[in-house]
Amino acid sequence: MASNNDREPDADAEAGHGGVQSVDRALAVLEILARDGHAGVSDIAEEMGIHKSTVSRLLGSLVSREMVHQNSERGKYQLGFGILRLASSIPGRLSLVREARPVLEALAEEFKETVNLAVLRSNYAVNVDQAMGPSTLATYDWVGNLTPLHATSSGKVLLAALPAEERERILKETGLPPRTPRTITNRKELETQLLDVARDGYGVVREEFEIGLTAVAVPVYNHLGAVIGAISISGPAFRFDPETVPGLIEGLQQAGLQVSARMGYNPRR
């Protein structure tokens, strides 16, 4: 009969291999949800090529950690508040949220629409704060949501500020999957638009991320002049056109500079 000591190395090696595989699979699930917004057990299992029971166990663990939550209406899963908790653990981002909050609230009150603050996390934009305007039709909470860079106004602002090599790496890894029929999926067209964003100091999307939603975003800078976030205003496409609302883009740009100044930015340096 073998002793416990005789069995431990093999058992540890097996457990270690299984543990690494489980971590890898859990991360793959998070990437799928970040890319698609939401997905069901069958969808995830089919893409990953594993059994649905395995996916269910992975999702159960992620739900218990608040990394994922299940939509009670459709039964599908999406990223949870725990993702925001991890992203916000960086002190610089915490201070950004704190300094931007009064500015976001003032913008929402002035223009009567939803205002979001987003930062770059891995290959996505994550919304870290939100202020709701009195004209907002829905009360959807975008905080904690990871959104695709190529299909959102904040994402395009963040992409436009990246070095070409970093932008190339991200877009190669994520691709340009369509979120709606209006999403830009042509790399050359996207690059042309990003040049416009960098030149104009703001980015606009019209129903590229979600049908019926239009948004405009501007950059936020740190004390070194690097883009560390983006402030966006969004509203229903049927009544919200940021380029025709008097003073909206100018007001948004001033808000971006105001938050940037709170983060130590000085444009005259």
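Colleague: Which residue in β8 is the bridge partner of N116?
Modeller: Bear in mind this is a predicted model: local features need pLDDT of at least 70, side-chain atom pairs count only at pLDDT 80 or more, and totals for chains, interfaces and linings use all residues. Residues are numbered from 1 along each chain as its sequence is written, and side-chain values use heavy atoms, with hydrogens and water left out. Strand β3 (residues 114-121) pairs with β8 in the antiparallel sense over five bridges; to pair, two strands need at least two DSSP bridges between them. In β8, the partner of N116 is S232.

Colleague: OK, and which are the edge strands of the sheet?
Modeller: Strands here are DSSP runs of E with at least two residues, helices are runs of H or I with at least four, and both are numbered from the N terminus. Six strands make an open antiparallel sheet, in the order β5-β4-β3-β8-β7-β6. The ones that pair on one side only are β5 (146-148) and β6 (203-206).

Colleague: Is β8 largely enclosed or left open?
Modeller: Let's go by burial, where buried means under 20% relative accessible area, exposed over 50% and partly exposed in between, using a 1.4 Å probe and protein chains only. Eight of the ten residues of β8 (residues 227-236) are buried, so the rest of the structure leaves this strand largely enclosed.

Colleague: Which residue in the turn of the β7-β8 hairpin has a positive phi?
Modeller: β7 (residues 213-221) and β8 run antiparallel, joined by nine bridges, and P219 sits opposite A230 in β8. The hairpin has five residues between its two strands. The one with a positive phi, about 85 degrees, is G225.

Colleague: What does S260 touch, leaving out residues up to four places away in sequence?
Modeller: S260 is part of helix α9 (residues 248-262), and it counts as buried because its relative accessibility is 0%. Touching means contact, with heavy atoms within 4.5 Å. The list for S260 is P219, V220, Y221 and Y265.

Colleague: Are helices α6 and α8 roughly parallel or roughly perpendicular?
Modeller: Axes are lines fitted to C-alpha atoms, for helices over the stretch in contact, and angles run from 0 to 180 degrees between N-to-C directions. The axes of α6 (residues 153-160) and α8 (residues 187-200) come within 9 Å and cross at roughly 85 degrees. Under 35 degrees is roughly parallel, over 145 roughly antiparallel, 65 to 115 roughly perpendicular, and the rest oblique. The two helices are therefore roughly perpendicular.
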